[in-house]
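This briefing covers surface charge and aromatic contacts. Please read it alongside the model.

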Amino acid sequence: MYIIRYPQKGRFAPEGVVAEWVKKEGESVAAGQVLLRIEAAGELLEVESAGDGVLLKVLSDVGCYVRAGEALAVTGKKGEDVSRALAKLAEPKAAAPEPAPPAQAPAKPAAQKKSEKPKETKKEDVMPSQQTTGNPENVIPILMPQAGQSMEEGTILSWKVKEGDTIEVGQVIMEIETDKATMEVEAPDAGKIARIISAEGDIVEVKVPVAFIADNAADVDVFLGAEGGTPAPAAQPAPAAAAPAAAPVAEGAVVPVLMPQAGQSMEEGTILDWKVKEGDVIEVGQVIMEIETDKATMEVEAVDAGRIAKIVSGEGDIVEVKVPVAYLAEEGVDVDAYIASAGGGAAPAAAAPSKPAAAKTAAPAVQKTVASVSASGRVKASPAARKAAADKGLDLASIGAGSGPGGRILSSDVENADVIPTETQVHPLTKMRRAIANNLLYSKQNVPHFYAKTTIDAGLLFTTYRKTKEQFKCSVNDFVMRGCAKAIRQYPPFRSQYKDTEIVENPAVNIGIAVGTDEGLTVPVVLGADRMKLENLAARTREVVESARNGKLEGMGQGIFTITNLGMFGVEEFSAIINPPESAILAVGAIREGVIVENGAMRPTRLMTVTLSVDHRVIDGVVAAQFLKTLKELLEAPEQLVS
């Protein structure tokens, strides 16, 4: 059996992205045969098989970031069991063996568990002890995937399967959230889910087991090295905040209703609307309020059944995660006593109700303190404050510490922020901003760019767009994208990539759209854009753009061409940097009023300038000019783009 690893020498960079698997699981391979291709430092490099046999297991899917020495796949004889190899890979690299942690910790009462942070699962919590023997060979761990180069852990948002279910390869088994996106995880193996050890809401390190496939749970217990069949600590029940209570609130008991943590990076939420009122009796799963986070608006469901005895945070209030916004109880006096005593296992901040609205409007006259930032380097601010700052073109960091909890900036702080800062501000690079910087720096330094631009008579385009918009929702950019898709289909170099000793032509026209978010620039991809009518293309584009703004990137790594549009900001023309390994990008400017001179006469119309950046290693000047000429003809006769 061979473990295929990311090479640590040669032309391979210290890290790369899995671009393509040439072989699939179960297929025969020969020594020296190409198994997969990895994009590293702008090059597409090949990883070969170390011996003859079968590709037994793929460990890093397309789009995954991998580092030097990291395991990519397992090959061996047909039918050979890979569970031992996987277990060996999962073993912690400790200097000395440690016994498995005790698993006898008693469960906490439900009222206490609601105030706890999501459980963090680490490698040492779930790996079998090095002293354990007799691990069943049929036990296969399901690992937290590494969906990106900077991903270190993931939060399990929901399980799509339960213990006892039989799953197939490729079946969606859970949804996770990383520091950048929300994604569905597919099963890498087929079999029976014998044990789920990480529950919804748990934070788990990458490449650490979250569940096990086996014939029965007893085999998993032995595999984990637990005594007497007792599962490892990670298998303890999840916090009650992540799992609905099975019974209504007991008489005399008080249960806080907490501001949920909808994602690992969420720090607070704004209550937009209460769907219930004091005195209402609610059921588990009932929608009780609507909140706004820094990424999305969402409905919140009740995790316990009972009577709403008191609502302590009103509509418009900004509340930290895991802090009570209401209480379930039979009588309001029980809640008053609960709050007064600051007991009952509630979060410390629950001892006092939210600040009244009048108190929130106060802001310091002079901002002298440094803005509060999260661990990722992002300034802590409410969603309303971010919107207000964007509307005013104000840098949140320039406001300093806000008047909200923990120095968070509120919308009132933005409204009162008219003092010019006198001190130099230093902002640490986020992981996403660092990745953007590295990628574009590589492109500008290593890809020989050249630029060509043309100005389009957009009078008829604008008229057709307004008429079409009455039939279905669309934008001018959708027309541009439709025109690019048709033109790219005619010119294969625009679907091609430079690969050191060869040029690879891609069959599909997958077009990326540059989307600006609070975290930085992302490029979701519309797959098969040339096969869609304008209405379908417009709808699909809205879907992928909205997903990107909500942190879920679609079609990552599959684009062959990118469109970036700054026209909505009044920018008339600009040049863009190619998004490697693509060979071209189109920068679209604003539609503006202008004149065209024809046969010595001036005609008023609307104009739009587009600038094409191309990789000269792949696309010659003549081909670029032909592409722009075709695109211009298509956009100046837009009726042919509607159907």
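Which residues gather in a patch of negative charge on the surface? They are Glu25, Asp61, Glu184 and Glu186. This is a predicted model, in which local features need pLDDT of at least 70, side-chain atom pairs count only at pLDDT 80 or more, and totals for chains, interfaces and linings use all residues. Residues are numbered from 1 along each chain as its sequence is written, and side-chain values use heavy atoms, leaving out hydrogens and water.

**Charge patch**
- A patch takes residues with over 30% relative accessible area and no salt bridge, like charges being joined within 9 Å; a salt bridge is a side-chain nitrogen of Lys or Arg within 4 Å of a carboxyl oxygen of Asp or Glu.
- Glu184 lies in strand 14 (residues 182–186); strands are DSSP runs of type E with at least two residues, and helices are H or I runs of at least four.
- Glu184 is partly exposed because its relative accessibility is 43% (buried is under 20%, exposed over 50%, partly exposed in between, with a 1.4 Å probe and protein chains only).

**Aromatic pairs**
- Rings of Phe, Tyr and Trp (its six-membered ring) pair if their centres lie within 6.5 Å; planes under 30 degrees apart are stacked, over 60 edge-to-face, and the rest tilted.
- The count by this rule is six aromatic pairs.
- Phe462 and Tyr465 make a tilted pair, 6.0 Å centre to centre with 50° between the planes.
- Phe462 and Tyr465 are about one helical turn apart because three residues separate their positions in helix 10 (residues 459–469).
- Phe462 is buried at 19% relative accessibility, and Tyr465 is buried at 14%.
- Phe561 and Phe627 also form a tilted pair, at 5.9 Å and 50°.
- This pair links distant parts of the chain, 66 residues apart: Phe561 is in strand 33 (residues 561–565) and Phe627 in helix 13 (residues 621–636).

Note on methods: Patch = residues over 30% accessible without salt bridge, like charges linked within 9 Å, V, L, I, M, F, W, Y side chains within 5 Å. Areas by Shrake-Rupley, 256 points an atom, 1.4 Å probe, with all protein chains shown as cover. Lys, Arg positive; Asp, Glu negative; His and termini not counted. Charge placed at Lys NZ, Arg CZ, Asp CG, Glu CD.
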